[in-house]
Amino acid sequence: MATIREDDLVASIADALQFISYYHPADYIENLADAWRREESPAARDAMAQILVNSRMAAFGRRPICQDTGTAQVFMKVGLNARIVSNRSLQEIVDEGVRRAWREERNPLRASVVSEPLFGRRNTGDNAPAMLHVELVAGDAIEVHVAAKGGGSENKAKFAALNPSDSVADWVVRTVETLGAGWCPPGMLGIGVGGSPEKAMTLAKLSLLDPIDLPQIRARGPSSKEEELRLEIFERVNALGIGAQGLGGLTTVLDVKLKTFPVHAASLPVGLIPQCAADRHAHFTLDGSGPAVFTPPSLDLWPQDISVATAAGRRVDLDRLTREEVATWRAGETLLLSGRLLTGRDAAHLRLTRMLEAGEPLPVDLRDRAIYYVGPVDAVGDEAVGPAGPTTATRMDKFLEPILSRTGLLVMVGKAERGPAAVETIARHGAAYLIAVGGAAYLVSKAIKAARVLAFADLGMEAIHEFVVEDMPVTVAVDAAGTSVHRDGPARWRRPVREMAPA
């Protein structure tokens, strides 16, 4: 019987969560670099370049790849002959590892978990509790998979109770086409089929922990029906032309993962969970010999010939924004923002709109200003702010009309597309929506030279900040005329499956 010390388990979980916050898995970097070399869409290729450069910077600096450092997801197989020396529950032990990781002084992670989902939604401050899954198995060791999953991709999870005669591939492709780019592609799709509804969703999540192997399957040819299905979905999804960040391009997914389980004869439950560009997971086994040790990837893994095309962008002074200038911006154009940039996301927008409804004065003047949808990581050392990439903009769509009509806000910066009604609202008010690349949070933060909280400090990372930025690279996603790159880009790159080039 193996005896495993509580502190070894706590330390291993904490170290794993820190490790994956700044190191992509090697297989993700290798496959994204290959996709970048093949990509023909200039916008998608530049987005991939930013993700790769950001990844390399995060690895060197040991700072988070993404500002959304995720919820801690822990899958544990506990051997029946393993003994954990502790007076606490397994959930309490794992949560202690989460707290230790999130409070690490050299690399504090962003606390994103709220204490209850329906009403107060107050931040727990330490990102606990973890989402813990436990299976008792034969043996005397503990096998652990640790992942950190961001809200943008988790919010795009889907489930369907299909009929046994329905096509899983058809449902997946139809569903992915409706997801938009808020899940931050290029990434992976995790698919779980069978069991019960909750089993199918768990299988989908578990599948994302498997190594990327579809390029090898394409090269040698599928050897099973499951591999044939994965390959079919892979080709059909990439043929949609969604591309990196939804800008239109050849690669939307790097792999399609699949796990199945026996099921009732009348049922075909299917779970779908996308994995964003912040692919973060690690695996370790404890056998009583001490805590886990994690080996960093070689820093030679990242492409050495990569660059980010931002030098040719139009420079914009945020302190002198006018509606006339915004009207000259065109969808797809690169801008370099300098000056004072406000921040605000879900909780701040909800509070602002409630204040407007109540006739109360706002704590900040939004007239002729730009606002960035972001919840940054705390700064360390001489940083002005920690990693500060954009959050999904569609969550703010419902606030657009009152904010634009009653405050005079001119510009918004976020991630992914806006809904059709939001695009119409932006055009009607002569405003503009810009995007920064999701998955490039550390790179974006280097353009932020100063930061301070202006309002709603009790909201933590969701407080309204004022950043001073210098040459922050963004792309015009919706211009004042209502032209949207997320509508036009994928339409240009959509193609029949038979036209897809081999890997």
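I take partly exposed to mean a relative accessible area between the buried limit, under 20%, and the exposed limit, over 50%. I am working from a predicted model.

**Entry 1**

I looked up Arg428. Its relative accessible area is 47%, so I log Arg428 as partly exposed. Glu424 is partly exposed too, at 42%. The two side chains form a salt bridge, 3.1 Å from N to O. Both residues sit in helix H13 (residues 420–428), four residues apart, which is about one turn of the helix. I also noted a network: Glu6, Arg88, Glu96, Arg99, Arg103 and Asp126 are joined by salt bridges that share partners.

**Entry 2: pairs across the sequence**

The structure has 39 salt bridges in total. I picked out Arg110 and Asp68, which pair at 3.6 Å, N to O. Arg110 is in the loop between helix H4 (90–102) and strand E4 (131–137), and Asp68 is in the loop between helix H3 (42–61) and strand E2 (71–79), so this bridge ties together parts 42 residues apart in sequence. Arg110 is buried at 4% relative accessibility. Asp68 is buried at 12%.

Next I checked Glu466 with Arg340, whose closest N and O atoms are 3.6 Å apart. Glu466 belongs to strand E17 (residues 464–478) and Arg340 to strand E12 (residues 334–343), 126 residues apart. Glu466 is buried at 8%, whereas Arg340 is partly exposed at 34%.

**Entry 3: cysteines**

How many disulfides are there? I count zero. The cut-off is 2.5 Å between cysteine sulfur atoms. The sulfur of Cys184 is 5.7 Å from that of Cys276, its closest cysteine sulfur, so the gap is too far for a bond. For Cys66, the nearest cysteine sulfur is also that of Cys276, 6.3 Å away. Cys66 is buried at 11%, and Cys184 is buried at 5%.

**Entry 4: domains**

The domain assignment gives domain 1 (1–150 + 282–288), domain 2 (151–277) and domain 3 (314–489). I looked at the contact of domain 1 with domain 2, which takes 23 residues from domain 1 and 26 residues from domain 2. The buried area is about 1900 Å², with 63% from carbon and sulfur atoms. On the domain 1 side, Tyr28, Phe75 and Lys149 lose the most area, together 29% of what that side buries. I found one salt bridge across this interface. Lys149 also forms a salt bridge with Glu154, at 3.1 Å, N to O.

**Entry 5: core**

The largest nonpolar core has 90 residues, and Leu17, Met76, Phe284 and Met412 touch the most other members. Helix H1 (residues 6–22) gives the most to this core, nine residues. I listed contacts of Phe284, among them Ser12, Ile13, Ala16, Ile142 and Phe294.

How values were computed: Residues numbered from 1 in each chain as written. Predicted model: local features only at pLDDT ≥ 70, side-chain atom pairs only at ≥ 80, totals over all residues. Heavy atoms only, no water. Core = buried A, V, L, I, M, F, W, Y, C linked by side-chain atoms within 4.5 Å. Buried < 20%, exposed > 50% of the residue type's maximum accessible area, 1.4 Å probe, protein only. Helix = DSSP H or I, 4+ residues; strand = E, 2+ residues; numbered from the N terminus. Contact = heavy atoms within 4.5 Å. Domains from an automatic or database assignment. Buried area = accessible area lost by both parts, 1.4 Å probe. Salt bridge = Lys/Arg side-chain N within 4 Å of Asp/Glu carboxyl O. Lists of a residue's contacts leave out its neighbours within four places in sequence.
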